[in-house]
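Reader: I'm new to this one. Could you walk me through how to read it, one feature at a time?
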Amino acid sequence: MSVRLKVIEAIKQIAKEQHVTLPELSDELSLHETGFDSLAFAILVARLEDETGVDPFTISEDAAFPATVGDFVRAYENVPA
Amino acid sequence: MSPREIFALRDHLGAELKGRTLSDAHVSVSLTDILSQTVLGGRLRQLSGRAVLLKLSDQLRSGLAMIELDGIARRMLLCPPDLNPAHLDALIADAGIDAVVTDEPARWTDSGVALIVTAQLPLASASPVQTERATEWLMLTSGTSGVPKIVGHTLEALTGAIVAEGPARGPAPVWATFYDIRRYGGLQIFLRAILSGGSMVLSDPHEALADHVARLNARAVSHISGTPSHWRKLLMSGSAAQFAPRYVRLSGEIADQAVLDGLKAAFPPASVGHAYASTEAGVGFAVNDGLEGFPADYLGNRNGVEMKVVDGSLRIRSTRTAHAYIGRNATALTDGDGFVDSGDMVELRGDRYYFVGRRGGIINIGGLKVHPEEIEAAINRHPDVRMSRAKSRRSPITGGIVVADVILADGTDPTRAKEIRDQILDQCRAQLASHKVPAVIRFVETLDVTPAGKLARTDA
């Protein structure tokens with residue numbers, strides 16, 4: 001499974017659990033518009049860390065939290081293996 | 001008070017009751033003639049009036065030494081097996097120890113303690129002795145870090161609940177416990193065995209659970225106690241099927257509904273109940289209605305035990321509490337009114353109080369305080385779950401999130417893991433505030449349990 005697909009699957013799974021109705025996910029969609037609150041994002045980051053072995057937001061101290069879904073996916077794609 | 005009115009263990013060990021034994025995995029000692037025998041090589045007289053450290057590598061000799069020393073020594077400090085040796089000097093100074101009973105005398109030659117007595121088996125014969133005084137019993141708290149606190153009890157306080165309950169009906173019980181008898185929970189069972197006229201089967205930390213259960217069966221154990229973690233391990237082991245106790249008790253941790261129901265299902269004819277006790281607060285109460293928590297009307301004065309809830313924690317005043325912390329920097333054990341603050345947090349729901357966790361065990365989830373035990377109780381309600389541990393994990397988003405490690409019941413189909421995980425999460429969402437719902441659930445094979453029988457909480 002590609003990193004992008006893993007991220008999107010995890011977002012959908014958590015949306016289901018948290019009873020969040022997601023708009024259509026596109027790279028331009030702002031994370032705010034996903035309907036996720038900070039707890040949902042915290043869950044997402046933790047699960048992705050377990051699945052991919054990385055937490056891009058803790059590795060780099062100056063990493064700004066992404067603004068859009070595309071930024072979020074790229075944060076995982078750009079982690080050096 | 002004249003010595004004759006002082007109550008000591010030897011008063012419950014007359015030769016008129018036959019067939020009583022104290023046994024471990026290796027040796028069985030008859031209690032019938034115990035008063036004319038000695039584990040101390042006949043040196044009891046030298047320990048009269050002394051402050052004695054009981055530092056033995058096994059429970060059997062410890063128990064025999066307690067029987068012999070009670071009423072003779074001025075005080076005795078019971079060392080549990082997991083005591084960090086680095087703390088011994090501080091404890092010896094704090095308790096004013098001037099004699100050691102040990103099975104490793106060579107270790108004590110340069111210790112500076114004046115009198116070293118070797119405890120040895122087999123027992124030697126000795127003349128029975130008269131009780132001289134009320135010995136002070138010193139026990140250690142089971143906290144995980146730093147020098148443990150020394151808690152002072154009298155035999156009267158330690159046995160208050162046993163005497164209040166009166167003798168067990170029917171044939172003399174055969175007692176056992178998963179605890180070590182040098183801890184409060186285990187000592188209660190040892191004292192019950194002595195006072196009830198029964199026998200006792202001791203645990204052995206090096207013995208496999210299946211072998212332990214086989215031994216409990218072989219010795220016809222009828223009454224047995226342990227922590228919920230001990231019992232969950234037994235239920236998971238598959239060994240429970242061969243065991244049929246009449247009386248099953250839980251204490252030392254929160255007994256949630258899942259473990260109570262699990263024990264009732266495993267041992268249908270048994271009376272299953274949980275007791276509330278701690279080294280400091282003594283025995284508070286027993287709950288025998290099969291439900292978790294306790295009825296709200298237990299608060300107030302009940303059978304001489306007064307309880308109240310202040311700032312969410314249970315406070316207890318009774319003649320069964322310890323009387324003081326002992327040592328150079330000892331703090332007060334009770335408040336100005338004589339109540340011990342248990343540090344156990346309770347919550348009133350309907351007409352019942354429920355334990356939610358330890359005050360010191362709170363984990364921080366994004367600035368909100370969470371008791372891991374409350375989350376575990378919700379997870380444990382799933383029928384396929386045998387045991388769980390909730391803890392916090394740092395999160396770059398919220399500071400912290402809840403994660404849970406879960407042990408599934410034996411024989412659970414691994415392909416159902418995802419389905420079970422979703423069910424657990426649904427169940428948690430229905431019962432817990434959203435920040436308490438585990439963000440991540442991991443299925444594991446084992447969870448660590450401390451030597452005191454409690455779930456190990458490294459992050460609490």
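Author: Happy to. Let's start with domains: the bounds of a domain come from an automatic or database domain assignment. Keep in mind too that this is a predicted model.

Reader: Which domains does the assignment give for chain B?

Author: Chain B gets domain 1, covering 3-349, and domain 2, covering 362-443. Taken over C-alpha atoms, the centres of domain 1 of chain B and domain 2 of chain B are separated by 34 Å. Each side brings residues to the contact: nine residues from domain 1 of chain B and nine residues from domain 2 of chain B.

Reader: How do I put a size on a contact like that?

Author: The size of an interface is often given as the accessible area lost when the parts come together. Between domain 1 of chain B and domain 2 of chain B, the buried area is about 920 Å², with carbon and sulfur atoms giving 62% of that. The rule also finds one salt bridge across this interface, and the count of residue pairs in polar contact between the two domains is one.

Reader: Which helix gives the largest share of the side of domain 1 of chain B that touches domain 2 of chain B?

Author: That's helix H7 of chain B (residues 228-237), with four residues. By class, the side of domain 1 of chain B that touches domain 2 of chain B divides into five nonpolar, one polar and three charged residues.

Reader: Now the two chains. How big is the area buried between chain A and chain B?

Author: You read it the way you read the domain interface. The area buried between chain A and chain B is about 1300 Å², and carbon and sulfur atoms give 58% of it. On the chain A side, Glu17(A), Leu39(A) and Ala42(A) supply 31% of the area that chain A buries against chain B, more than any other three residues. In residues, the contact takes 17 from chain A and 15 from chain B.

Reader: And how many salt bridges are there between chain A and chain B?

Author: The general idea is that side chains of opposite charge can pair when their charged atoms come close. Between chain A and chain B the count is four salt bridges. Six residue pairs are in polar contact across that interface. Three helices of chain A, namely H1 (3-17), H2 (38-52) and H3 (56-59), each supply at least two residues of the side that touches chain B. H2(A) gives the most, with 10 residues. Sorted by class, this side of chain A has eight nonpolar, four polar and five charged residues.

Reader: Can we zoom in on one residue? Where does Arg393(B) lie?

Author: Arg393(B) lies in strand S26 of chain B, residues 385-395. The side chains of Arg393(B) and Glu49(A) meet in a salt bridge, 3.1 Å from N to O. They also make a polar contact, at 3.1 Å. Among the residues that Arg393(B) touches are Ala46(A) and Asp50(A) from chain A, and Gly399(B), Ile401(B) and Val440(B) from chain B.

Reader: Is Arg393(B) buried or exposed?

Author: Buried means under 20% relative accessible area. Arg393(B) counts as buried because its relative accessibility is 18%.

Reader: How should I read salt bridges inside chain B?

Author: Look at the distance, then at where the partners sit. Over all chains the count comes to 37 salt bridges. Take Arg381(B) and Glu292(B), whose side chains meet at 3.8 Å, N to O. This pair links distant parts of the chain, 89 residues apart: Arg381(B) is in the loop between helix H9 (372-380) and S26 of chain B, and Glu292(B) is in the loop between strands S16 (282-287) and S17 (294-295) of chain B. Arg381(B) is partly exposed at 36% relative accessibility, whereas Glu292(B) is buried at 14%.

Reader: What about Asp384(B) and Arg416(B)? How do their side chains meet?

Author: They meet in a salt bridge of 2.9 Å, N to O. Asp384(B) sits in the loop between H9 and S26 of chain B and Arg416(B) in the loop between strand S27 (399-408) and helix H10 (417-431) of chain B, so the pair ties together parts that are 32 residues apart in sequence. Asp384(B) is buried, with a relative accessible area of 17%, while Arg416(B) is partly exposed at 26%.

Technical notes. Residues numbered from 1 in each chain as written. Chains lettered and ligands numbered in written order. Predicted model: local features only at pLDDT ≥ 70, side-chain atom pairs only at ≥ 80, totals over all residues. Heavy atoms only, no water. Buried < 20%, exposed > 50% of the residue type's maximum accessible area, 1.4 Å probe, protein only. Polar contact = N/O pair within 3.5 Å; in protein donor to acceptor, adjacent residues only side chain to side chain. Contact = heavy atoms within 4.5 Å. Buried area = accessible area lost by both parts, 1.4 Å probe. Nonpolar A, V, L, I, M, F, W, Y, C, P; charged D, E, K, R; others polar. Lists of a residue's contacts leave out its neighbours within four places in sequence.
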